[in-house]
Amino acid sequence: MLKDKIYIASDHAGFDLKTQICTFLKDENLNFKDLGTNNKESCDYPDFAHLLAKNIDETSFGIIICGSGIGVSIAANRHENIRCALCSESLSARLARKHNDANVLALGGRLIGISLAIDIITNFINTPFENGRHIQRIQKIEVNK
């Protein structure tokens, strides 16, 4: 893994997939922190996306999950220095890291299963940013807030 820690969070719709991912992360001896939710009771996805985004720094990755992954990716990307990529297959995960230096991965808990999620996560956390021509493009992402 290219970073020291992974933060993971979900709403109620992503709870089951998050639980399975946490088991995988633990089995792989990866350093992670589960920020919730802790059950399937209805909750608001922006609360968990904002909580996760506030914890991300240059030494960490984030994984955020809701039903489709769309809501949490939009909410997380509202934060400065967050580049959240919604991925539903491995190539997007690799390209998000190589070209966009994405630091948060969004997943759709109602759209993908654990095997695909593990493949996406593995590619995301192990693919380095290519730098070079991509740096100036990433710098153009941040706007004055």
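How do the residues of the lining of the largest pocket divide into nonpolar, polar and charged, and which class has how many? In this predicted model, the lining divides into six charged, three polar and three nonpolar residues. The pocket holds about 150 Å³ of space. Its lining is formed by Lys-3, Ala-53, Ile-56, Asp-57, Glu-58, Ser-60, Glu-80, Asn-81, Ile-82, Arg-83, Asp-101 and Asn-103.

Helix packing was examined next. Two packed helices are described by the angle between their axes and the distance between the axes. Helix α1, residues 15-27, packs against helix α5, residues 114-126, at an angle of about 55°, and the two axes lie 10 Å apart. This angle makes α1 oblique to α5. The crossing of α1 and α5 is right-handed. On the α1 side, the contact involves Leu-17, Gln-20, Ile-21 and Phe-24, which meet Ile-114, Ala-117, Ile-118, Ile-121 and Thr-122 of α5. Seven residues of this contact are nonpolar and two are polar, with no charged residues.

Helix α5 also packs with helix α4, residues 90-100, at an angle of about 20° and with the axes 8 Å apart. Because angles under 35 degrees count as roughly parallel, α4 is roughly parallel to α5. The crossing of α4 and α5 is right-handed. Ser-90, Ala-93, Arg-94 and Arg-97 of α4 make the contact with Asp-119, Ile-120, Asn-123 and Phe-124 of α5. By class, the contact of α4 with α5 comprises three nonpolar, two polar and three charged residues.

How values were computed:
Residues are numbered from 1 along each chain as its sequence is written. This is a predicted model: local features need pLDDT of at least 70, side-chain atom pairs count only at pLDDT 80 or more; totals for chains, interfaces and linings use all residues. Side-chain values use heavy atoms; hydrogens and water are left out. On a 1 Å grid over the protein atoms alone, a cavity is a set of points where a 1.4 Å probe fits but cannot get out, and a pocket is an open set with protein on both sides within 12 Å along at least five of seven lines; lining residues have an atom within 4 Å of a point. Grid points are joined across faces, edges and corners, and a volume is the space filled by probe spheres set on the points. Ala, Val, Leu, Ile, Met, Phe, Trp, Tyr, Cys and Pro count as nonpolar, Asp, Glu, Lys and Arg as charged, and the others, Gly among them, as polar. Axes are lines fitted to C-alpha atoms, for helices over the stretch in contact, and angles run from 0 to 180 degrees between N-to-C directions. Helices (H or I, at least four residues) and strands (E, at least two) are DSSP runs, numbered from the N terminus. Angles under 35 degrees count as roughly parallel, over 145 as roughly antiparallel, 65 to 115 as roughly perpendicular and the rest as oblique. A crossing is left-handed if the near helix is turned anticlockwise from the far one by less than a right angle, and right-handed if clockwise. Contact means heavy atoms within 4.5 Å.
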